[in-house]
Amino acid sequence: MSTRSVVPFGPQHPVLPEPIHLDLVLEDEKVVEAVPSIGFIHRGLESLVGKKDFNDYTYIAERICGICSFMHGMSYCEAVEHIMNIEIPERAKYLRTIWCELSRLHSHLLWLGLLADGFGFESLFMQSWRLRENILDMVEASTGGRLISSVNKIGGQLKDVPNDMIRGFVAKLKDMEKDIREMTDTFLNDYTVNSRLRGVGILTKQQALDLGAVGPFMRASGIALDTRKRGYAAYSNIELEPITSDIGDCYARTYVRIQEIFQSIDIIRQAAEKIPDGEVAVPVKGFPSGEYFMRVEQPRGEAIYYVKANGTKFLDRFRVRTPTFANLPGMLETLKGCQLADVPMMILTIDPCISCTER
Amino acid sequence: MLKVSKSPWLLHYDGSSCNGCDIEVLACLTPLYDVERFGIINTGNPKHADIFLITGGINKQNESVVKQIYSQMPNPKVVVAVGICACNGGVFKDCYNIMGGVDKVIPVDIYVPGCAARPESIMDGVVKAIALLDEKRKSVGKEAAE
Amino acid sequence: MTDGELITITLSDLVPKVLQMKHDGYRLAQICAVRTKEGYELSYSFAKEYDMVNLRLAIGEDDEVTSISDIYEPAFLYENEMVDLFGVKIKLISLDYQGKLYRIAKETPFK
């Protein structure tokens with residue numbers, strides 16, 4: 001006869017870089033239910049719109065999360081620009097695209113490392129973070145910061161990047177492609193790694209739709225949606241197709257993210273070819289009035305920003321629905337029926353970002 | 001720094017950080033920075049740890065977690081607050097759910113500034129912590145002898 | 001100006017409208033609340049492919065909203081969030097945390 005027990009998981013746990021708490025209901029070694037509780041890193045930054053004016057709030061938005069910092073800042077700025085009907089210069093749009101993709105590259109490489117660490121493959125973790133440092137060098141060279149770049153402002157970008165440097169990035173990424181492929185081939189082909197990933201934590205296409213999953217987690221279940229196709233920043237001039245897999249297990253999620261690494265390299269190459277010369281910012285006058293829902297594709301999936309302004313320098317409301325928040329119900333579904341030892345795999349393969357989720 | 005006297009193990013806890021500093025703490029372990037060459041190991045068990053690295057500010061919910069981890073660590077121990085949020089709350093100081101820096105709940109020995117703190121400065125903080133650990137070890141020995 | 005359609009609805013319309021959305025194959029994108037002078041303004045966003053439709057519901061402070069978590073399962077997270085942060089009254093949530101999803105010091109800070 002099986003025994004039922006409840007195992008608390010987190011907030012401080014060796015495989016979790018961030019605190020989240022789950023109550024796992026087990027029948028022997030099998031998980032039958034998981035109940036999350038959050039709030040360990042809830043700061044309440046959405047309420048700061050009442051204390052910082054809408055220009056300064058850009059810096060708060062950039063600190064929602066240290067990994068997608070650039071994208072958070074950019075999306076906030078684009079939302080306000082939409083409300084104020086500001087058309088930013090073409091060059092700024094392309095710069096945004098390039099920085100977005102650099103963020104995605106470093107985020108995916110970071111995630112691959114954490115996944116490897118999660119299944120106990122230490123050297124693979126080191127390899128992917130070694131490659132990631134090259135991307136961070138590019139971010140640092142062009143923005144001045146490694147993680148929090150602070151180059152966004154309403155009306156464009158704070159910094160320009162010389163064309164030579166952008167061409168240098170493309171050449172460097174081309175060189176790196178071979179190294180990345182060698183490293184990612186281990187994830188995709190190694191027998192032991194495969195045994196941890198294949199057939200584990202399956203989310204079907206219907207479940208992904210019903211549970212509102214987003215991003216690579218959703219695409220790995222066979223839904224071809226990528227918010228970049230809506231054409232914010234300069235994505236309307238970039239050719240890209242959503243990468244999908246129809247298996248829906250941990251392996252599929254890894255596969256999708258790995259292919260997105262190469263897709264990002266390609267996008268940066270396209271953007272470097274098309275980027276025009278010119279200004280990178282326009283002056284902004286007046287205060288915003290109105291509301292806007294901004295949707296962007298972050299490394300973890302679609303994020304939705306809601307900005308409501310009332311014509312003063314303080315916004316009425318800023319709200320961000322981050323991808324991990326949307327992916328939690330899907331994650332809880334994949335946890336049901338898995339082995340206790342596989343729980344870290346389920347949590348890691350949605351690429352959780354708790355600081356985004358709790359804000 | 002000419003030589004490292006001991007190989008301290010460190011425990012990392014994310015208070016309410018934006019992830020930036022956490023990722024930089026992890027980056028310290030990886031090949032470019034590689035703190036493991038000093039014999040430093042990142043452990044998950046408070047009872048194994050000598051140095052407690054905290055990132056992010058403190059809120060009501062993680063206050064007890066931080067105190068709990070701190071009390072479980074054996075003496076001598078050193079607390080390093082990494083990043084401006086852990087030092088005094090940083091940009092989130094005005095948020096309703098942030099009490100302030102780590103020193104509101106446990107004594108902090110070393111403050112590492114930065115947003116996000118760079119791996120170089122985190123390592124500098126850890127190396128300073130090793131020196132402090134030596135000093136604290138002397139007094140712990142004395143207490144035991146008396 | 002918003003991204004996608006904005007439909008204003010009333011409290012009694014909510015459940016039938018959401019059922020219609022489900023029937024039409026939309027997925028739940030997000031739910032959020034805004035504090036207004038009279039009470040709250042709730043936005044329910046649904047997405048199909050790349051199109052988004054927002055249902056906008058204005059309620060008084062004491063009005064009770066019916067949960068849509070039995071129609072769209074992930075809604076339970078958003079609804080608990082609104083209960084915890086804004087103090088919106090919501091009944092029949094499939095997994096009701098009773099104000100304990102965000103365990104924060106200050107109750108309903110946005111209220």
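**Figure 1. B:N19 sits in the loop between strand 1 (9-14) and helix 1 (20-27) of chain B.** This close-up comes from a predicted model. B:N19 has a phi near 95°. That value is positive, and the residue is not a glycine. Most residues other than glycine have a negative phi. Is B:N19 buried or exposed? With a relative accessibility of 2%, B:N19 counts as buried, because the cut-off for buried is under 20%.

**Figure 2. Chain B as a whole is built from 4 helices and 5 strands.** Along the sequence they follow the pattern β-α-β-β-α-β-α-β-α. The radius of gyration of chain B is 15 Å, close to the 15 Å from the globule rule for 146 residues, so the chain is as compact as a globular protein of that length. Along the principal axes, its C-alpha atoms fill a box of roughly 45 × 40 × 25 Å. Of the 146 residues in chain B, 56% are buried. Which contacts are counted here? Take those between residues at least 6 apart in sequence: 80% of them join residues at least 24 apart.

**Figure 3. The surface of chain B exposes about 6,000 Å².** Carbon and sulfur atoms supply 54% of that area. Chain B carries 15 positive and 16 negative charges.

**Figure 4. A cis peptide bond joins B:N75 to B:P76.** Its omega is near -5°. Where is B:P76 placed? The proline belongs to the loop between helix 2 (60-72) and strand 4 (78-82) of chain B. Most peptide bonds are trans.

**Figure 5. A cis peptide bond also runs from B:C115 to B:A116.** Here omega is near -10°. B:A116 is part of the loop that links strand 5 (110-112) with helix 4 (119-145) in chain B.

**Figure 6. C:L92 lies in the segment after strand 6 (89-91) of chain C.** Its phi is positive, at about 65°, although C:L92 is not a glycine. Is C:L92 buried or exposed? C:L92 has 60% relative accessibility and therefore counts as exposed, because the cut-off for exposed is over 50%. The mean pLDDT of chain C is 83. Of the residues in chain C, 96% reach 70 or more. Where pLDDT is low, predicted coordinates should not be read in detail.

**Figure 7. A:P242 is found in the loop between helix 8 (215-219) and helix 9 (250-274) of chain A.** At 16% relative accessibility, A:P242 counts as buried. Which residues does A:P242 contact, leaving aside its neighbours within four places in sequence? In chain A they are A:R219, A:A224, A:L225, A:D226 and A:K229. From chain C, A:P242 is in contact with C:Y50. A:L211 is 31 residues from A:P242 in sequence. In space, the two are 20 Å apart, C-alpha to C-alpha.

**Figure 8. Scores for the predicted model.** The ipTM is 0.85. The pTM is 0.88.

How values were computed
Residues are numbered from 1 along each chain as its sequence is written. Chains are lettered from A and ligands numbered from 1 in the order in which they are written. This is a predicted model: local features need pLDDT of at least 70, side-chain atom pairs count only at pLDDT 80 or more; totals for chains, interfaces and linings use all residues. Side-chain values use heavy atoms; hydrogens and water are left out. Helices (H or I, at least four residues) and strands (E, at least two) are DSSP runs, numbered from the N terminus. The radius of gyration is taken over C-alpha atoms; the globule rule is 2.2 Å times the number of residues to the power 0.38. Buried means under 20% relative accessible area, exposed over 50%, partly exposed in between (1.4 Å probe, protein chains only). Contact means heavy atoms within 4.5 Å. Accessible areas come from the Shrake-Rupley method with a 1.4 Å probe; for residues, only the protein chains shown count as cover. Lys and Arg count as positive and Asp and Glu as negative; His and the chain ends are not counted. The place of a charge is taken as NZ of Lys, CZ of Arg, CG of Asp or CD of Glu. pLDDT is the predictor's confidence in each residue, from 0 to 100.
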